[in-house]
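Colleague: Could you take one part of this protein and walk me through it closely? Keep it brisk, please.

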Amino acid sequence: MAKKEKSTSQSQEAIYDARTLGTPKMLVLGIQHMFAMFGATVLVPAITGLNVSTTLFFAGLGTLLFHLITGRKVPAFLGSSFAFLGAYGLLTAGGSPIPLTYSSFGVACAGLVYLVLALLFKLFGAKKVMRFFPPIVTGPVIIAIGLTLSGTAIGSCSANWLVAVVAILVVIVCNIWGKGMVKIIPILLGVVASYVVAMIVDPAARDNLVQQVSQAKWIGLPVIWNETALSIFGKDFDGGMLLTAIITIMPISLATMVEHIGDVCAISSTVGRNYVENPGLHRTLLGDGIATTIAALFGAPANTTYGENTGVLALSKVYDPKVIRLAAVFAMVLSFCPKFAAIIVAMPVATMGGVSLVLYGMISAVGVRNVVENQVDFTKSRNVLIAALILVLAIGIKYGTGAVAGLSFQIGSITITLSGLAIAAIVGIVMNAILPGKDYEFGKDQQGDASVNFKV
């Protein structure tokens, strides 16, 4: 008990210190938090083709909404979610790509799942709800997310392996041997180093950068109507394509929900306050879900609580949420500069491939960690069967169905295609619910509960 009181006292002192630092130091701390989230946040639109300026604007706005909904208590930043990378580049039953606008609407619907879960958490409590989403389901689903994306990373790396390897090596070195902020922003440093090398060894990449930046304006609006999910409701609207996107993408929220809970537990541990109880997971899930839905509707990636910023909290020992809100405002201001976005858009394919290769591998490794740290018992046949079906369905359907990476079926005149990941997640949840021997209890092992974090 004394140890808990000491931890709370340190937390109160840190918050008080932040308020007495003065405006200049507070601004510097806000900039530091912005840089911590920056590399990973802009990487998602760079990989998927979404708008960089829109991403920055709604990362900032989503963070402010999250703070408002949680009573301005939780020092969390909401940046782009890597878990939803597989939501973009989906194919229709005919093998043609689904537009980003339709995929974005599917992500918006996935954000609404958070609201349902928030209500369930409020009504029944975390322990009862999480029994349906144990590590034997979430772990293999997360492993499958990384593996199904791996082919894309290799394809991008093949554009220039020298540039890609530079990115990989810098990320690894910074992550393993880096100190302070260097260890917290390895992706940003990997992108910068690889980008510079590409400008030296690849004249085409250099010319593309000059062209993109010279054509971009200094100031512009961060939202483009034709790139929003709301723009699909016109004369060319395709209901089947929309249903395919929604049904395929919504199950990904299973993984991001667990990631969110893990991040809130990690922030609680860092700060010394139990945010799981106050303001409560129902409020943090509500804030994250609303932020994701609004961002996706306007053409930005899904939002998620960021582990990088938790690292900055541990590094700076300043836990005042006001510093995070400053970083959010800085991100929104930066979103009004198209020239900056042009630099990201011109990023060499091999640079994105290098960091993606590490990132996708890390996503799968997070799934393994989730299973290991929760001590899932694989001597039980039920657990072996659930994990086996999830992995084989997700990967087998992805790479074993030819041009169409999914299974298609008709509802009237509408053709719907389900991805392997969506089918695998549904099968895993159902099997876990009906097979006897469920033994996972949320809250019993804090390390296991916090073992899901998709950031490098």
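Modeller: N51 sits in the loop between α2 (23-48) and α3 (52-69). Keep in mind that this is a predicted model. N51 counts as buried because its relative accessible area is 16%, and the cut-off for buried is under 20%. In the protein as a whole, 55% of the 456 residues are buried.

Now the polar partners. The side chain of N51 places a polar atom 2.9 Å from the backbone nitrogen of S53. The N51 side chain also makes a polar contact of 3.3 Å with the side chain of E227.

Next, the neighbours. Leaving out residues up to four places away in sequence, N51 touches P45, P222, I224, E227 and G299. Across the protein, 83% of contacts between residues at least 6 apart in sequence join residues at least 24 apart.

For context, the protein has 20 helices and four strands. The whole structure holds three salt bridges. One of them pairs K127 with E441, with the closest N and O atoms 3.4 Å apart. That pair links distant parts of the chain, 314 residues apart: K127 is in helix α5 (residues 126-130), and E441 is in the loop between α19 (420-434) and α20 (446-449). K127 is partly exposed, at 48% relative accessibility. E441 is partly exposed too, with a relative accessible area of 37%.

Another salt bridge joins E373 and R369, with 3.2 Å between the closest N and O atoms. E373 and R369 are about one helical turn apart, because they lie four residues apart in helix α17 (residues 349-373).

Conventions: Residues are numbered from 1 along each chain as its sequence is written. This is a predicted model: local features need pLDDT of at least 70, side-chain atom pairs count only at pLDDT 80 or more; totals for chains, interfaces and linings use all residues. Side-chain values use heavy atoms; hydrogens and water are left out. Helices (H or I, at least four residues) and strands (E, at least two) are DSSP runs, numbered from the N terminus. Buried means under 20% relative accessible area, exposed over 50%, partly exposed in between (1.4 Å probe, protein chains only). A polar contact is a pair of N or O atoms within 3.5 Å; within protein, one must be able to donate a hydrogen and the other to accept it, and residues adjacent in sequence count only if both atoms are side-chain atoms. Contact means heavy atoms within 4.5 Å. A salt bridge is a side-chain nitrogen of Lys or Arg within 4 Å of a carboxyl oxygen of Asp or Glu.
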